[in-house]
Protein chains: 2
Amino acid sequence: MNEVPQATIERLVVYYRYLKKMAERDLEDTISSKTLGDAVGTSAAQVRKDLSYFGEFGCKGVGYDINSLKKCLERILGFNRVREIALVGAGNLGRALVNYQGFKEMGMEIVEVFDCDIDKINNRVGRLTVRSVNEMEKIIRKRNIKTAIIAVPEEEAQGVASSLVKAGVKAIWNFAPVALNLPSEVVIYYEDLASSLVWLIYKSGHGNLKVNVK
Amino acid sequence: MNEVPQATIERLVVYYRYLKKMAERDLEDTISSKTLGDAVGTSAAQVRKDLSYFGEFGCKGVGYDINSLKKCLERILGFNRVREIALVGAGNLGRALVNYQGFKEMGMEIVEVFDCDIDKINNRVGRLTVRSVNEMEKIIRKRNIKTAIIAVPEEEAQGVASSLVKAGVKAIWNFAPVALNLPSEVVIYYEDLASSLVWLIYKSGHGNLKVNVK
């Protein structure tokens, strides 16, 4: 299979949400690539290309069966099984992530929260109890957790990341604004909140300057 | 000027952070596109292409002057002036955003926080006092705020967005997982936390399935 672009995976999530709404409404059985594309702001050709990475879907002139395409996307994206995630950092951002409603419908669940602050350890965050980072490696290894979120201050991020990898974590979602030095087989996603905001402001035309430097 | 891609703006932010560190260390005066590319995980050609949208930088065989490139990026990205931002929603995510350290160095500052929950109104969030959404339009218009962040539940997002636009907001960073129906001149950035996590998990090889449907 060819390497699937990140943008394709992100669009599949959007297609999935739309198909789920359609399936709940239960008015139509099929949907064309044009209708699906229009609904989510992309072209029919893009919908077909995105799906073509994963096999053959739909029937020429008829479109996609809504329920079966929805089920396929669930399997492709892994929503049909629960993925357990560990979170490190029980600050505001960590608490927001534990309480975020969008993960569970996609089969993702934060099941452990760790912090090094003794004022936070043993506190409740949502339905979880914050545990000490000293117990982190042991617990993650025991539960066989492969995915973790880092929501700690910049200066603690590398130490936390190294411990996570030692405990067997293979995928890290890093909110700390710092590059992590980890073995190449570990997948890291850098969530850079400031750069999203820079883009938004730039795009809205307030930062549109042409600069020439000699 | 050609339309500048989002990925370019995001890389400029990364270049900027690296140049800032170099300037603080004050060991070298110049940097080559290769060194800059290596440091941030991209190619020399990409560095040159990204900068070429904004004019001519650097000197063949010598590289870029670190301080002047840093200053140019500050101007291009608008970091040299303060941009005031309004935040709607004083929940965990809102509080995390107010306390996020990465905005200020980029000239962005959340200066107002609004909520509709009377238990939150008048509470402190960081150095700010939460105000009622009933006062939102008046305050935003008076302060001439053009950029806003929506961190409210899905079902409240459209109403909040419409009020913001009525008050003169031109750019919205939306964390609610819902499409907003707004005039086309308003720029919207959808922050979809679940889809970042889906991509990370997919990429780490746990979701890599080939599916064929007849």
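Chain A is divided into domain 1 (6-76) and domain 2 (83-195), with bounds that come from an automatic or database domain assignment. The centres of domain 1 of chain A and domain 2 of chain A, taken over C-alpha atoms, are separated by 32 Å. This is a predicted model, in which local features need pLDDT of at least 70 and side-chain atom pairs count only at pLDDT 80 or more, while totals for chains, interfaces and linings use all residues. Residues are numbered from 1 along each chain as its sequence is written, chains are lettered from A and ligands numbered from 1 in the order in which they are written, and side-chain values use heavy atoms, with hydrogens and water left out.

**Chain A at a glance**

- The secondary structure of chain A comes to eight helices and nine strands; helices (H or I, at least four residues) and strands (E, at least two) are DSSP runs, numbered from the N terminus.
- Along its principal axes, the C-alpha trace of chain A spans about 60 × 60 × 30 Å.
- Of the 214 residues in chain A, 51% are buried. Here buried means under 20% relative accessible area, exposed means over 50%, and partly exposed is in between (1.4 Å probe, protein chains only).
- Among the contacts in chain A with a separation of 6 or more, 57% come from residues 24 or more positions apart; a contact means heavy atoms within 4.5 Å.

**The sheet of chain A**

- Seven strands of chain A form an open sheet with mixed pairing, in the order E5-E6-E4-E3-E7-E8-E9. Two strands pair if DSSP finds at least two bridges between them.
- Which strands stand at the edges? They are strand E5 (124-125) and strand E9 (187-190) of chain A, each with a single partner strand, so one side of each has no neighbour in the sheet.
- Strand E8 (residues 171-174) of chain A runs parallel to E9(A), and four bridges join them. One place to look is A:Ile172, whose bridge partner in E9(A) is A:Ile188.
- Helix H7 (residues 154-166) of chain A packs on the sheet, where it touches strand E3 (83-88), strand E7 (147-150) and E8 of chain A. The direction of H7 makes about 170° with that of E7(A); axes are lines fitted to C-alpha atoms, for helices over the stretch in contact, and angles run from 0 to 180 degrees between N-to-C directions.

**Helix H3 of chain A**

- The buried residues of H3(A) are A:Ala44, A:Val47, A:Asp50 and A:Leu51.
- These residues are on the same side of H3(A), because they cover an arc of only 125° around the axis. The arc is that of the directions from the helix axis to the C-beta atoms.
- What do the buried residues of H3(A) pack against? Their neighbours are H1, helix H2 (33-40), strand E2 (64-65) and helix H4 (66-77) of chain A.

**Salt bridges**

- Over all chains, the structure holds 19 salt bridges; each is a side-chain nitrogen of Lys or Arg within 4 Å of a carboxyl oxygen of Asp or Glu.
- A:Asp50 forms one with A:Arg11, and their closest N and O atoms are 2.7 Å apart. This pair links distant parts of the chain, with A:Asp50 in helix H3 (residues 44-52) and A:Arg11 in helix H1 (residues 6-25) of chain A, 39 residues apart.
- Is A:Asp50 buried or exposed? A:Asp50 counts as buried because its relative accessibility is 0%, whereas A:Arg11, at 23%, counts as partly exposed.
- A:Lys104 and A:Glu109 also meet through their side chains in a salt bridge (3.7 Å, N to O). A:Lys104 counts as exposed, at 59% relative accessibility.
- A network of salt bridges links A:Glu84, A:Glu112, A:Arg131 and A:Arg143.
- In chain B, the closest N and O atoms of the salt bridge between B:Arg141 and B:Glu137 are 3.6 Å apart. Both residues lie in helix H6 (residues 136-143) of chain B, four residues apart, about one turn of the helix.
- B:Arg141 is partly exposed at 47% relative accessibility, and B:Glu137 is partly exposed at 22%.

**A strand in chain B**

- E4(B) is mostly covered, as seven of its eight residues are buried.
- B:Phe114 lies in strand E4 (residues 108-115) of chain B and is buried, with a relative accessible area of 0%.
- The C-alpha atoms of B:Phe114 and B:Ser132 are separated by 5.5 Å, although the two are 18 residues apart along the chain.
- Strand E3 (residues 83-88) of chain B pairs with E4(B) in the parallel sense over six bridges. B:Ala86 stands opposite B:Glu112 in E4(B).
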